[in-house]
Amino acid sequence: MTRSATIKRKTNETDISVSVNLDGTGTFEIDTGVGFFNHMLEQLSRHSLIDMKIKAVGDTYIDDHHTVEDCGIALGEAIKQALGERRGIRRYASLDLAMDETCTRAAIDVSGRPFLIFKVEFPTQKIGSFDTELVREFFQAFSQHAGITLHIVNHYGLNSHHIAETAFKSVARVLRAAIEEDPRQKNAVPSTKGTLKG
C-alpha cells in the first residue's frame with residue numbers, strides 16, 4: 001500500500017496544508033510565500049523521492065519565522081503519519097554531500113525519538129531576504145514532529161546558499177535511504193524493542 005498522509009494546520013499565524021507520498025518520484029507543488037524556502041523544499045522533495053504538496057499562507061508581513069517553523073511541524077507530522085509503525089524500513093542512513101566548495105553531512109535514525117544536532121554556520125545572516133537562522137528552525141520543527149533523530153554537520157563552505165542547499169539535499173538523501181523498504185525484513189520493525197514509537 002502507498003504510504004501517504006495529509007495534514008492541515010491552522011493557527012492565528014499560519015494556514016498550512018501538506019500532503020506526502022513516501023513512495024513517490026519526487027514531484028512537488030510548493031507554495032509557502034517564501035521564495036528561497038520554496039526552493040529548499042523542492043530540493044527536499046526531489047532528492048528524497050517523496051511527493052510533496054505544500055501550501056502555506058503565513059504572517060510574512062512580520063517575518064518568515066512562523067511560516068518556516070510551522071511548515072516544518074506540518075511536514076514532520078505528515079511523514080510521521082505516513083510511516084505508520086515503520087515496519088520494513090532500513091531506519092538508518094548517513095551521507096556526505098558535496099556542492100561546489102561546500103560539503104555537508106547528514107545522518108538519520110527514523111527511531112520515533114526526536115533529536116536534532118545542527119552544526120552549521122552561515123557566513124551571512126541572509127540569503128536574499130531569507131534569514132539563515134531559519135534553516136535550523138525548520139529542521140528542529142521537522143525532526144521533532146516526524147519523530148526522527150537527525151544530525152546535520154557542515155564540514156566546510158563559503159557560500160550561504162550552497163551551505164543551506166547541501167543541508168536540505170543531504171537530509172533528503174538520507175531520508176530517502178532510511179525509509180525505503182529493506183527486502184530482508186519487509187514486515188519487521190527494525191528494533192529489538194519491537195516498536196519505533198519512541
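1. L95 stands opposite A106 in β6. Two strands count as paired if DSSP finds at least two bridges between them. Strands (E, at least two residues) and helices (H or I, at least four) are DSSP runs, numbered from the N terminus.2. A word on the basis of these remarks: this is a predicted model, in which local features need pLDDT of at least 70 and side-chain atom pairs count only at pLDDT 80 or more, while totals for chains, interfaces and linings use all residues. Residues are numbered from 1 along each chain as its sequence is written, and side-chain values use heavy atoms, with hydrogens and water left out.

2. Strands β5 and β6 belong to an open sheet of 4 strands, ordered β5-β6-β10-β7, with mixed pairing. At its edges stand β5 (92-99) and β7 (115-119); each has a single partner strand, so one side of each is left without a neighbour in the sheet. From one strand to the next, the twist averages 10 degrees. Angles run from 0 to 180 degrees between N-to-C directions, and the axes are lines fitted to C-alpha atoms, for helices over the stretch in contact.

3. Two helices pack on this sheet. Helix α3 (residues 133-146) touches β7 and β10 (149-156), and its direction makes about 160 degrees with that of β7. Helix α4 (residues 160-179) touches β5, β6 and β10, at about 150 degrees to the direction of β5. Contact here means heavy atoms within 4.5 Å.

4. Please also look at the other sheet, an open one of 4 strands in the order β1-β2-β4-β3, again with mixed pairing. Its edge strands are β1 (4-10) and β3 (28-31), each pairing on one side only. Neighbouring strands of this sheet are turned by 5 degrees against each other on average, direction ignored.

5. Within that sheet, strand β2 (residues 14-21) and strand β4 (residues 51-58) run antiparallel and are joined by 8 bridges. T14 has G58 in β4 as its bridge partner. Helix α2 (residues 65-83) packs on the sheet, where it touches β1, β2 and β4, and its direction makes about 35 degrees with that of β2. Helix α1 (residues 35-48) lies across β3 and β4 and runs at about 160 degrees to β3.

6. R3 deserves a look of its own. It lies in the segment before β1 and is buried, with a relative accessible area of 19%. Buried means under 20% relative accessible area, exposed over 50%, and partly exposed in between (1.4 Å probe, protein chains only). Leaving aside residues up to four places away in sequence, R3 touches V20, N21, L22, D23, A82, L83, I89 and I179. For I179, the backbone oxygen lies 2.9 Å from a polar atom of the R3 side chain.

7. R91, in the loop between α2 and β5, has a positive phi of about 80 degrees although it is not a glycine. D100, in the loop between β5 and β6, has a phi near 50 degrees, also a positive value in a residue other than glycine. Is each of these residues buried or exposed? R91 is buried, with a relative accessible area of 7%, whereas D100 is exposed, at 67%.

Key:
Polar contact = N/O pair within 3.5 Å; in protein donor to acceptor, adjacent residues only side chain to side chain.
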